[in-house]
Amino acid sequence: MTTDAGSDHDVTVDPDDLRRFVTDAFVATGVPGPDAVLLADTLVVAELWGHVSHGVIRLPWYLARLRTGATRAVTTVETVRDTGSVVVLDGHDGIGQVVTQRAVETGVERARRHGVAAVAVRGSGHFGTAAYFTRQVAQAGCIALLATNASPAMAPWGARTKLVGTNPWSIAAPGPDGEALVLDLANTAVARGKVYVAADRGEPIPSGWAADAEGNPTTDARAALEGLILPMAGPKGYVMSFMFDVLAGVLTGSAFGADVVGPYRPTGRSGAGHLLIVLDVAAFGPRDEYDERVARLVDEVHAADPAPWSDGALVPGELENRARVATERTGIRLSPSAWQQLRAVADDTGATLPTATSPTKPTTRERN
């Protein structure tokens, strides 16, 4: 049944209908059609994977930055250095997803030519989930490592000043049966977007995720947003974030440290930098040998005796694959607050809202 747009209950929308709506909203804000399709797909795919923190909750943030000109609606990517296996791109404050898509295409092409390629990106912006891009590289028969820096979210270990970003990174490799093996994580205890989701829903966050502005542990999502996101694994998470800022920010010639501006702010150039390293599997040996060895590794994991609390072990990326299959069947579930935000976007842009229905089945909860 169709639900009232003002409902205080979760609603479910068809993924293709949501993708159409998000695309139309970006086009209405001046983004060229093909770029709008890509940008919308990154948000909808994040929803399908169960990563709500990188889904349509970010749509109003992106639109606000486009309207102020902090992010340029028409993205121009310039090659500023090219040594063959190393390419440096400048996104000139364009849309992060569009800039990163160019980096992926360049990286795969150069890796096939040289065996290995490094693509450095400066002057970019938030690009959504890193796995969206590294999966493409894996499906092209290569292995990818993609690192990015982000606006300050945590303090250096031993300090309480917010100076270091979550600085997420992803590794993807070809897996059996055409699937990719994918790691995608932030170096904090949790991605900051998940704290925004909890604040949006009025829900507490788990202990160990964050501290308030005074550095005291908190389960209040809004206090956490004003304070600090804690590093994963204590000092290990901090030093990993620091070094990824060296790779994605310092090395690339982009902004770094406290100078990076996140998508949550409507003004200020992002300055985000990325580093993509691509390895052509075939350059290291026969592809069929790799396929046999990686399949054996996956089979060993699947054959491991399950723990009492588990249905069995999964390999990296498998949870998202399962979630996508299920969500494409049942539809994407949106919270009342998220639905109201989409309604406001529809009013602002003239894009027609996707048809919403009451959910009939629970959906897989997002992983922490």
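Mentor: Before we begin, a helix here is a DSSP run of H or I that is at least four residues long, and helices are numbered from the N terminus. Please keep in mind, too, that this is a predicted model.

Arg20 and Asp24 lie four residues apart in helix α1 (residues 15-28), so about one helical turn separates them, and their side chains meet in a salt bridge with an N to O distance of 3.6 Å. Arg20 is partly exposed, with a relative accessible area of 28%, and Asp24 is partly exposed as well, at 33%.

The part to look at closely is strand β3. Four of the five residues of β3 (residues 86-90) are buried, so the strand is largely enclosed by the rest of the structure; for this step, buried means under 20% relative accessible area.

Consider next the strands that pair with β3. Strand β2 (residues 78-82) pairs with β3 in the antiparallel sense, over four bridges, and in one of these contacts Glu78 has Asp90 of β3 as its bridge partner. The two strands form a hairpin with three residues between them, and Gly84, in the turn, has a positive phi of about 105°. Strand β4 (residues 116-124), in contrast, pairs with β3 in the parallel sense, over five bridges, and here Asp90 stands opposite Arg122 in β4. The path from β3 to β4 includes helix α4 (residues 96-114), and β3, α4 and β4 together make a right-handed β-α-β unit.

Another salt bridge joins Arg322 and Glu318, at 3.5 Å from N to O, and both residues lie in helix α10 (residues 318-330), four residues apart, about one turn of the helix. Arg322 counts as exposed, at 52% relative accessibility, whereas Glu318 is buried, at 15%. Salt bridges that share partners also join Asp82, Glu109, Arg110 and Arg113 into one network.

Methods: Residues are numbered from 1 along each chain as its sequence is written. This is a predicted model: local features need pLDDT of at least 70, side-chain atom pairs count only at pLDDT 80 or more; totals for chains, interfaces and linings use all residues. Side-chain values use heavy atoms; hydrogens and water are left out. Buried means under 20% relative accessible area, exposed over 50%, partly exposed in between (1.4 Å probe, protein chains only). Two strands pair if DSSP finds at least two bridges between them. A crossover is right-handed if, with the strands pointing away from the viewer, the path from the first strand over the helix to the second runs clockwise. A salt bridge is a side-chain nitrogen of Lys or Arg within 4 Å of a carboxyl oxygen of Asp or Glu.
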